[in-house]
Amino acid sequence: MTAPKHRTSPDRAASRPPRPPRPTRPPRPTRPFTLWREVLTAYAAPALTAGAAGIVTGQRDLAVAACTSIAGTSAVVAFLVGTWLRHGGRPRRWTLAAPRGVLTTALVITAVGAAALLGWFTAQWLPAHTPVPSTPWLERLRVDLPVSAALATTIVTLRWRTTTAPPA
């Protein structure tokens with residue numbers, strides 16, 4: 001027994017009248033890179049999130065660090081990286097020409113390295129060579145500073161890069 005033959009219908013799309021083109025919306029302009037806004041966000045975001053996590057989990061030291069070392073480091077790094085990227089309003093040519101991932105990775109490695117050295121210096125060297133006692137909050141700096149620097153650098157660099165035009 002053979003399978004029943006189906007009727008093939010003509011291409012329906014070809015028989016329809018063409019649709020009028022959809023009106024295109026102009027692209028939304030990106031919000032300009034405003035350094036004070038980026039620094040404020042770099043402080044507020046980790047202060048709120050880490051502070052809330054510290055309160056919810058009952059870690060008082062995390063709640064305090066959220067508003068001091070974590071958010072403070074993020075704000076300082078956002079200011080330094082944003083200022084360096086803007087370079088007086090005229091960005092360096094290579095920062096515009098480099099791929100976004102390469103630029104971000106290079107700046108993150110630099111910022112994390114500097115923050116890790118500062119965290120080590122504060123937690124290890126300072127108590128060993130000065131009358132400053134070694135305390136648990138000093139030990140937190142070894143982790144808080146590099147992590148905050150990495151996040152702030154990544155966000156500020158990517159945000160800055162979306163507001164700049166590629167080189168001509």
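Predicted model: local features only at pLDDT ≥ 70, side-chain atom pairs only at ≥ 80, totals over all residues.
Local features are reported at pLDDT of at least 70 and side-chain atom pairs at pLDDT 80 or more, while totals for chains, interfaces and linings use all residues. Residues are numbered from 1 along each chain as its sequence is written, and side-chain values use heavy atoms, with hydrogens and water left out.

The protein chain has six helices and zero strands, with helices (H or I, at least four residues) and strands (E, at least two) taken as DSSP runs numbered from the N terminus. Along the sequence, the pattern is therefore α-α-α-α-α-α. Of the 168 residues in the chain, 32% are buried; buried means under 20% relative accessible area, exposed over 50%, and partly exposed in between, with a 1.4 Å probe and protein chains only. A contact is a pair of heavy atoms within 4.5 Å. Among contacts between residues at least 6 apart in sequence, 73% join residues at least 24 apart. The chain exposes about 12000 Å², of which carbon and sulfur atoms supply 67%; accessible areas come from the Shrake-Rupley method with a 1.4 Å probe, and for residues only the protein chains shown count as cover.

Helix H5 covers residues 100-129, 30 residues in total. From its first C-alpha to its last, H5 reaches 42 Å, close to the expected 44 Å, where the expected span is 1.5 Å times one less than the number of residues. The buried residues of H5 include Leu103, Leu107, Ala111, Ala115 and Gly119. Thr122, Ala123 and Pro127 are also among the buried residues of this helix. The buried residues of H5 pack against helix H3 (60-86), helix H4 (93-97) and helix H6 (136-163).

Leu118 is found in helix H5 and, at 47% relative accessibility, counts as partly exposed.

A search of the whole structure finds four salt bridges, each a side-chain nitrogen of Lys or Arg within 4 Å of a carboxyl oxygen of Asp or Glu. In one of them, Asp61 pairs with Arg140, the closest N and O atoms being 3.5 Å apart. This pair links distant parts of the chain, since Asp61 lies in helix H3 and Arg140 in helix H6, 79 residues apart. Asp61 is partly exposed, at 42% relative accessibility.

Arg140 also meets the side chain of Asp144 in a salt bridge (3.2 Å, N to O). Asp144 and Arg140 are four residues apart in helix H6, so about one helical turn separates them. Asp144 is buried, with a relative accessible area of 6%. Salt bridges that share partners join Asp61, Arg140 and Asp144 into one network.

Helix H6 holds a further pair, Glu139 and Arg142, three residues apart. Their salt bridge has its closest N and O atoms 3.2 Å apart. Glu139 is partly exposed at 30%, and Arg142 is partly exposed at 38%. An α-helix has 3.6 residues a turn, so residues three or four places apart point the same way.
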